[in-house]
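Biologist: I'm new to this one, so could you walk me slowly through the part that holds the metals? Here is what I'm looking at.
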Amino acid sequence: KAKEHGRNCFQFYTSAMHENAKARSQLEGALHKSLINKELYVVYQPIHDTQGQRLGCEALLRWRSETLGEVSPVEFIPVSEELGLILAMGEWVLYQACSQAKSWYDKACKPFFMTVNVSSTQFKRQDVSVLVAKVLRETGLPANCLTLEITENVLADNSGHILRQLDSLREMGVELAIDDFGTGYSSLSYLKRFPLSKLKIDKEFIRDLPADAEDRALVAAIISMAANLNLKVVAEGVETAEQLGLLKQLHCDFTQGFYHSRPLGAEDFEAYLMHFNESH
Ligand code: C2E
Ligand code: MG
Ligand code: MG
Ligand code: MG
């Protein structure tokens, strides 16, 4: 009996592994076609400053696959990084976001900024500063309207290749933000070594505010440390009025999350921006 049971388990296990491998190769196959088939698009999530003066947004990549339907970036970005597809995708997102930003920059009467996520693979395998210079030149977007979001693992890499790219981006006037701050492995020494301008506190630390005393202490500490280092702070994942209230009290500079708005298609974001302009 036990043996029979064991064998069934084994069969179940191997067929589950087989299913996983099959799903993975389907994902890879579909991903290779995503750019050619024009299945990728960009959505824009508002970022508000807590003074109500400035509005910016984060460009977030979306994929509606013909065969798989809508796939989350949490699923397809890591695979694209492994396959090297992130280089072409990253370049495409940057073009989209910067040409969109240029048209919004021209229409907005308040300072406007666009932030774009850049993967560590792009910094390792390309010169991101050369790419960004080209995109800014071709789209006409002023460098100081662009922020690149990089993760802590980019900074954990000690190579001169990465430091040179970050330095020349900063010299151009592009701002650099650390995304998902607090979730990586790096030591804090990078905060003084790299030319950063913003920290984005990961939504994991925001979720249980204002009730959770430990998260409250961590967020307050991050904000005051950042202020002393001349860095602006963005809180992501802000979903409630109570969270926003506490973040304002703690002098957080920017907030982003479903409380303000979900990520929006280009047309809807433009309407949001125009409404913001009229009401502030
Ligand atoms: P991220 O850069 O940390 O982006 C923030 C994520 O939080 C987005 O998920 C956004 O939709 C989600 N979010 C925003 N407000 C809230 C909120 O109030 N509550 C909750 N629970 N979530 C909120 P999304 O769009 O699924 O993207 C996931 C991740 O995929 C991004 O995390 C980023 O790491 C990566 N990603 C997205 N687009 C790109 C891209 O163009 N390039 C690269 N390299 N990575 C990207
Ligand atoms: Mg981001
Ligand atoms: Mg983030
Ligand atoms: Mg995050």
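Is E236 buried or exposed?

Modeller: Before I get to that, this is a predicted model, where local features need pLDDT of at least 70, side-chain atom pairs count only at pLDDT 80 or more, and totals for chains, interfaces and linings use all residues. Residues are numbered from 1 along each chain as its sequence is written, chains are lettered from A and ligands numbered from 1 in the order in which they are written, and side-chain values use heavy atoms, with hydrogens and water left out.

Now, E236 is buried, at 8% relative accessible area (buried means under 20%, exposed over 50%, partly exposed in between, with a 1.4 Å probe and protein chains only). Donors here are N, O and S atoms within 2.8 Å of the metal (3.2 Å for Na, K and Ca), and as water is not among the atoms, sites may look incomplete. D180 sits in strand β6 (residues 175–181) and E236 in the loop between β8 (232–235) and α11 (241–249), so the two tie together parts 56 residues apart in sequence. Those helices (H or I, at least four residues) and strands (E, at least two) are DSSP runs, numbered from the N terminus. D180 itself is partly exposed, at 24% relative accessibility.

D180 also coordinates the magnesium ion (ligand 3), 3.0 Å from ligand 4. On to the magnesium ion (ligand 2): its protein donors are E58 (OE), N117 (OD1), E149 (OE) and D179 (OD), 2.0 to 2.3 Å away. D179 coordinates both ligand 2 and ligand 3, which are 3.6 Å apart.
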